[in-house]
Amino acid sequence: MGQGAEQAPGEQPGRQKQKGQAIPTDSAAAAERLRSIDVLRDVAEDVLRQMAMSCAWQSYRAGVQIFDRDSASRDVLFVVEGAVQVVNYSATGREIAYAEVAAGGFLGEISAIDGEPRSATVVAARPTLIAALPPDRFAELLDRHPPVARQVMRRLARIIRTCDERIMDLSTLGAVARVQREVLRLARPDPNTPGAAVIHPIPTQQQIAGHASTTRETVARTLSNLQSAGFLVRKGRTVTILDVGRLTRLTEDLTTAGGESAR
């Protein structure tokens, strides 16, 4: 099952098995692990066992690169444990965060479908167990199991919508407005205070910068200004937006005014 493969998938060295991330050693155990993947929950047991035997199973330490942009790997990666970050880098080396895929999710389907190189870099966000399915077996799964194919299509549609939204933000919003938009996106309603919202745990400034396509310094300055102006308060790793409507109007005003120059 590819437990000891030194260069698969993604041809990246430095992989190391992690405590608590036991790689399954028989088809029944491996099939059970694959059933934790949302898109595979309703797949028949015999099919899951065949898939499990076709997968390369590998553990990664936090921070280890699983594959990079333009990698020749075409496998579909099922995140059995842990989480991975999908990132890219600007010409100046600034990290741009696309998404985080947690346990139960999958990624890599675009290259598996079109046969083209990877479009982003994937890094383990924490100790992670991956099951990598070869592209031909993934194509077979889609051909023989229409419900799985429909779920994959819905996921691709969400990716397209997210990309459209980010393109619009980059085209119409300055850096400060993008940071404020990201803060609003992260917030969840505070059940104890009408009109307020909470972010817990707050991502790092670098992570917010990656999603907003700006610098960590801009994020730090924007959050500090919002706190000084009474839009939010921070206690430890919790940020409370005191009035979501007020912050939303501020962000909309920046958008209408054309924002400030992106940095």
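Biologist: Which side chain does the side chain of asparagine 88 make a polar contact with?

Modeller: That of tyrosine 98, at 3.1 Å. A polar contact is a pair of N or O atoms within 3.5 Å; within protein, one must be able to donate a hydrogen and the other to accept it, and residues adjacent in sequence count only if both atoms are side-chain atoms. This is a predicted model, where local features need pLDDT of at least 70 and side-chain atom pairs count only at pLDDT 80 or more, while totals for chains, interfaces and linings use all residues. Residues are numbered from 1 along each chain as its sequence is written, and side-chain values use heavy atoms, with hydrogens and water left out.

Biologist: Where is asparagine 88 placed, and is asparagine 88 buried or exposed?

Modeller: Asparagine 88 is in strand 4 (residues 83–89). Strands (E, at least two residues) and helices (H or I, at least four) are DSSP runs, numbered from the N terminus. Asparagine 88 is buried, at 6% relative accessible area. Buried means under 20%, exposed over 50%, and partly exposed in between, with a 1.4 Å probe and protein chains only.

Biologist: On to helix 8. Which residues are buried there?

Modeller: Thr218, Val219, Thr222, Leu223 and Leu226. They sit on the same side of helix 8, because they cover an arc of only 125 degrees around the axis. The arc is taken from the directions from the helix axis to the C-beta atoms.

Biologist: Why would residues line up like that in general?

Modeller: An α-helix has 3.6 residues a turn, so residues three or four places apart point the same way.

Biologist: What comes just after helix 8?

Modeller: Glycine 230, with a positive phi of about 80 degrees.

Biologist: Which residues other than glycine have a positive phi?

Modeller: Among them are aspartate 70, near 75 degrees, and serine 213, near 55 degrees. Aspartate 70 lies in the loop between strand 2 (65–67) and strand 3, and serine 213 in the loop between helix 7 and helix 8. At 57% relative accessibility, aspartate 70 counts as exposed; serine 213 is buried, at 8%.

Biologist: Where is the cis peptide bond?

Modeller: From histidine 200 to proline 201, with omega near -5 degrees. Proline 201 is in the loop between strand 10 (197–199) and helix 7 (205–212).

Biologist: And how many residues are in the largest nonpolar core?

Modeller: There are 28, and those touching the most other members include Leu34, Trp57 and Phe138. Helix 2 gives the most to this core, with four residues. A nonpolar core is a set of buried Ala, Val, Leu, Ile, Met, Phe, Trp, Tyr and Cys residues joined through side-chain atoms within 4.5 Å.
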